[in-house]
Amino acid sequence: SKQQIGVVGMAVMGKNLALNIESRGYSVSIFNRTASRTEEVIAEHGDKKLVPTYTIEEFVTSLEKPRRIMLMVQAGDATDKTIQSLLPHLDKGDILIDGGNTFFQDTIRRNEELANSGINFIGTGVSGGEEGALKGPSIMPGGQKEAYDLVAPIFEKIAAVAEDGEPCVTYIGPNGAGHYVKMAHNGIEYGDMQLIAESYDILTKLLDLSVEECAEIFTEWNKGELDSYLIEITSDILTRKDDETGKPVVDVILDAAGNKGTGKWTSQSALDLGVPLPLITESVFARYISAMKDERVAASKIIPAPAVKAFEGDIKEFVEKVREALYFSKIMSYAQGFAQLRIASEEFGWDLEYGEIAKIFREGCIIRAKFLQKITDAYDRQADLKNLLLDDYFNDITQKYQQSVRDVVAVAIQAGVPVPTFSSAISYYDSYRSENLPANIIQAQRDYFGAHTYKRKDKEGTFHYDWYSEK
Ligand code: NBP
């Protein structure tokens, strides 16, 4: 008999996804370019309804029609090569699903190319890493809606389940929409991580708290508005000791952050679309400057820190301010990220449903958090909300917490503790709520040196001032 779905790519993500699908009662054919990998999977999981195949032809013929084939191979060239090898064996109406971390423009291109051969192509974000793939990821599928309907029953069974019992998967939109949303999710993840790192830096460097004390603070924070996976793992991380030295493991980990480029893509897209995305972009740059470890070490010997006295205020009170600053800044980041989704949706004709997107982030992905329900609620109140900051809940809470961000950022800057995302958050807030910005000066300069013209506040039209005339 034929299998209900096939998975190509038996590295950690593909293997775990295949096991997840199998565990929900589906029969799964598996294939990997290097046969030994498939043999290993079968040796480990021979008791499961996984059917090994060793040629592309054998793989394709083993599947029910219309065929449902999930690709979990390296993004980029490997994905194109895999599609090319499958194509001659496929029939019209078959469905290829790319679950890799693919750049959304590649998905748009592949969707168009394959549509010409009558093959459906779904580009889907799969979040939650190895564990998510195995136990239930958040899934962000984009592509032909009719094709998605044929895989929806499987996706709804393998996805993470939110508190209210809803699966963390929803049809995102045509062509590259799913991969775009996955990319934006990763960008938001960069922002959340940097905000937490800055909070930790303030607690330890400014308030001189110990790693253990910080662990307790994050545990406390995780019980309230900040309740989220990233806060939870941070509090756990801070309790762990290095086996060799007995020190807190965070104290032996080198402070040079890596990245796989998805945060960069998010910022690049924001720049292309003309959308302000300062917080996530600062968090990408923060990783870059962290990676310049040797240069920073050398600079630290040449450029002194400002002279500061030990913190003299009430520590408990200040810790609460840091918590409020973190929540405020997180809201700025999501307001920017969702505003970017809105502009992308208009640009690419995707008709994204922002409340539904926030909903599927509630479980199974790295940014999962209680807070996401607030975003869904905001879009339920007003589906075409321009910016989350205009929603009553977000407007009220940010008004309430803004003073804390100002205080924390001011103290950190005085003490020379870098706060790129905290300071960016408050600057975005102040820019967004400003009736007047100093761009009149910029327009005057542009008109002065380049005759770029300007508009006036008091009447319609385009104007040029004769800057070179005698006064
Ligand atoms: P990798 O991204 O490490 O890719 C390894 C797989 O790609 C292997 O099955 C390998 O086959 C196959 N492959 C390569 Br490399 N070149 C190929 C080619 N030219 N033709 C056919 N197959 C080729 O695996 P992963 O970490 O499991 O991730 C899979 C996808 O899921 C990626 O797109 C990744 O970005 C995405 N993702 C990963 C995570 C995560 O936490 N790791 C999370 C979310 C999404 P071989 O065995 O023959 O070399």
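**Asn-101.** I located Asn-101 in the loop between strand S5 (95-98) and helix H5 (104-116); helices (H or I, at least four residues) and strands (E, at least two) are DSSP runs, numbered from the N terminus. The model is predicted: local features need pLDDT of at least 70, side-chain atom pairs count only at pLDDT 80 or more, and totals for chains, interfaces and linings use all residues. Residues are numbered from 1 along each chain as its sequence is written.

I checked burial next. Asn-101 counts as buried because it has 20 C-beta neighbours inside 10 Å (buried means 20 or more other C-beta atoms within 10 Å, exposed 12 or fewer, partly exposed in between, with C-beta atoms placed from the backbone). Setting aside neighbours within four places in sequence, I found Asn-101 in contact with Ala-75, Lys-182 and Thr-262 (contact: C-beta atoms, placed from the backbone, within 7 Å).

**Binding-site record.** I looked up the unreviewed UniProt entry, which lists Asn-101 under "binding site", along with others including His-185, Lys-260 and Arg-446. The listed residues spread over 352 residues of sequence and up to 49.0 Å between C-alpha atoms. UniProt positions are in the numbering used here, feature names are shortened, and annotations may be inferred rather than shown by experiment. I placed Arg-446 in helix H20 (residues 439-450); Arg-446 counts as partly exposed because it has 14 C-beta neighbours inside 10 Å.

**Strand S5.** I noted that Ile-95 and Ile-97 point one way from S5, Leu-96 and Asp-98 the other way, and that all are buried. S5 pairs with strand S4 (residues 68-71) in the parallel sense over four bridges (pairing: at least two DSSP bridges between the strands). Asp-98 is the bridge partner of Leu-71. Leaving out neighbours within four places in sequence, Leu-96 has contacts that include Ile-69, Leu-71 and Phe-121.

**Core.** I found 124 residues in the largest nonpolar core, with Leu-96 and Ile-69 among those that have the most contacts inside it. Such a core is a set of buried Ala, Val, Leu, Ile, Met, Phe, Trp, Tyr and Cys residues joined through C-beta atoms within 7 Å. Helix H8 (residues 177-206) gives the largest share, 14 residues. The core lies between domain 1 (5-175) and domain 2 (182-432), because both give residues to it; the bounds come from an automatic or database domain assignment.

**Helix H9.** In H9 (residues 211-221), I listed Cys-214, Ala-215, Ile-217, Phe-218 and Trp-221 as buried. They line one face, because they fall within an arc of 165° seen down the axis (the arc is that of directions from the helix axis to the C-beta atoms). The buried residues of H9 pack against H8, helix H10 (229-237) and helix H15 (315-348).

Conventions: Contact = placed C-beta atoms within 7 Å.
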